[in-house]
Amino acid sequence: MKMEKKTPITRPIWLDEDSGYVRIIDQRLLPHQLVLVDLKTVDDVITAIRDMYVRGAPLIGAAGAFGIYIAALSCPRDAGDPGAFITEESRRLKSVRPTAVNLAWAVDRTLAVMAPEKTLDAKTRAALDEARRIADEESENCRKIGEHGLPIIEEISRKKNGETVHILTHCNAGWLACVEYGTATAPIYAAFDKGIDVHVWVDETRPLNQGARLTAWELGRHGVKHTVITDNAGGILMARGMVDAVIVGTDRTTRAGDVANKVGTYLKALAAKDNGVPFYVALPSSTFDWELDDGARIPIEERSAEEIRRVAGFDGSEIREVLIAPEDSPCANFAFDVTPARLVTGLITERGICQADAADIRRLFPDKRA
Ligand code: MRU
């Protein structure tokens, strides 16, 4: 079911108390249409994650957790042991998008709290509670990322005697991707709310334009000054001293600090290094892969060639797709890349800032295990 929503919303996923359904924003249609969609079956959740109604690592995690709740709800009540059914649904959910580690993390965490419960009804309640807890925790983590990242922007502002601080970001690592506040955007919102003069260069982020569509929409709604640029403009802006810092999100960061994020991030990190621009990555602990050292082993999602071949936009009355490449030209759609730890100035987490190396990450997160 789809519906138009007129009242303001602050989260991209929640349980609607009136209908009892898990409700999301269909992010494919933003900024042109704000449409809400109810997720009623595990297939609905899979479609929403795969086709990117919901996207962004923390949000994919929360959606996966709500997906387990929906799996428990839809488990036949007379089927005997629900374990096999829920395990199979969790396997389907975890395999939808491979790069963001949050999806498997949130699904496994939800399964773990259900396991000790004896009845299907109790398992279902436990799954819902855990999905809501994950969403609330990610929101709070992002708020803290904002707190810890704020001094970086304050310091730049001080050094520039209050002149505009220019931040470049890639893709959408805002509240739409994260439940609330965002990761990369949290320090920006915190600085803006404190009265710091901040301006954001927003990479459009081809092929699906999460920057131009989503980050620009978010920043505009909050009143933050921003300018949408092509993905390739960052280099010249950095070379001309027009970027004070880069802040991006991540879909998976190894325990040694290699960072997978939306394709194009690596090139920004190279340009930042060459121009002496600090390059920060903001992430909640759920986005660390505590098993992996080497970023080369992070699975990189390859998506449909059609996303490259065509582009979608609003023609004044409806959203339409047009062809931009020869219909018969092969296209390759690598959705993420890996920025090596050596190019990362620092990781902004809910526990503070650390260097992108195994020892410093371990210092902040001594309790995290593979
Ligand atoms: O393909 P997407 O839109 O899910 O990719 C999202 C990103 O690359 C984000 O930067 C990342 O998930 C971090 S979100 C806080």
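Me: Before the helix pairs, how are the axes and angles defined here?
Reply: Axes are lines fitted to C-alpha atoms, for helices over the stretch in contact, and the angles between N-to-C directions run from 0 to 180 degrees. The model itself is predicted.

Me: Then at what angle do H1 and H3 pack?
Reply: Helix H1, residues 42–50, packs on helix H3, residues 83–94, at about 15°, and their axes are 10 Å apart. Angles under 35 degrees count as roughly parallel, and H1 and H3 are therefore roughly parallel to each other.

Me: Is that crossing of H1 and H3 left-handed or right-handed?
Reply: The crossing of H1 and H3 is right-handed.

Me: Which residues make the contact?
Reply: H1 contributes Val 42, Asp 43, Val 45 and Ile 46, while H3 contributes Glu 89, Arg 92 and Leu 93. Sorted by class, the H1 contact with H3 holds 4 nonpolar and 3 charged residues, with no polar ones.

Me: And H2 with H3, at what angle do they cross?
Reply: Helix H2, residues 57–74, crosses H3 at roughly 150°, and the two axes come within 10 Å. Since angles over 145 degrees count as roughly antiparallel, H2 is roughly antiparallel to H3. The crossing of H2 and H3 is right-handed.

Me: What meets what in that one?
Reply: On the H2 side there are Gly 64, Gly 67, Ile 68, Ala 71, Ala 72 and Ser 74; they meet Phe 85, Ile 86, Glu 89, Ser 90 and Leu 93 in H3. The contact of H2 with H3 divides into 6 nonpolar, 4 polar and 1 charged residue.

Me: Changing topic: where does Ala 127 lie?
Reply: Ala 127 lies in helix H5, which covers residues 120–159.

Me: Why is Ala 127 classed as buried?
Reply: Buried means under 20% relative accessible area, and Ala 127 is buried because its value is 0%.

Me: What does Ala 127 touch?
Reply: Setting aside residues up to four places away in sequence, Ala 127 touches Ile 68, Tyr 69, Thr 110 and Met 114. Ile 68 is also one of the H2 residues that meet H3.

Me: How far is Ala 127 from Arg 342?
Reply: Ala 127 and Arg 342 are 39 Å apart in space, C-alpha to C-alpha, and 215 residues apart in sequence.

Me: What about Glu 130, buried or exposed?
Reply: Glu 130, which is also found in helix H5, is buried, with a relative accessible area of 3%. Apart from neighbours within four places in sequence, Glu 130 is in contact with Arg 109, Thr 110 and Val 113. Thr 110 is likewise touched by Ala 127.

Me: On to H7: which residues are buried there?
Reply: In helix H7, residues 185–193, the buried residues are Thr 185, Ala 186, Pro 187, Ile 188, Tyr 189 and Ala 191.

Me: What covers them?
Reply: The cover includes helices H5, H6 (175–178) and H8 (210–222), together with strands E5 (165–169), E6 (198–203) and E16 (346–349).

Me: What share of the residues is buried?
Reply: Buried residues make up 55% of the 370. Of the contacts with a separation of 6 or more, 74% are between residues 24 or more positions apart.

Key. Residues are numbered from 1 along each chain as its sequence is written. This is a predicted model: local features need pLDDT of at least 70, side-chain atom pairs count only at pLDDT 80 or more; totals for chains, interfaces and linings use all residues. Side-chain values use heavy atoms; hydrogens and water are left out. Helices (H or I, at least four residues) and strands (E, at least two) are DSSP runs, numbered from the N terminus. Angles under 35 degrees count as roughly parallel, over 145 as roughly antiparallel, 65 to 115 as roughly perpendicular and the rest as oblique. A crossing is left-handed if the near helix is turned anticlockwise from the far one by less than a right angle, and right-handed if clockwise. Contact means heavy atoms within 4.5 Å. Ala, Val, Leu, Ile, Met, Phe, Trp, Tyr, Cys and Pro count as nonpolar, Asp, Glu, Lys and Arg as charged, and the others, Gly among them, as polar. Buried means under 20% relative accessible area, exposed over 50%, partly exposed in between (1.4 Å probe, protein chains only).
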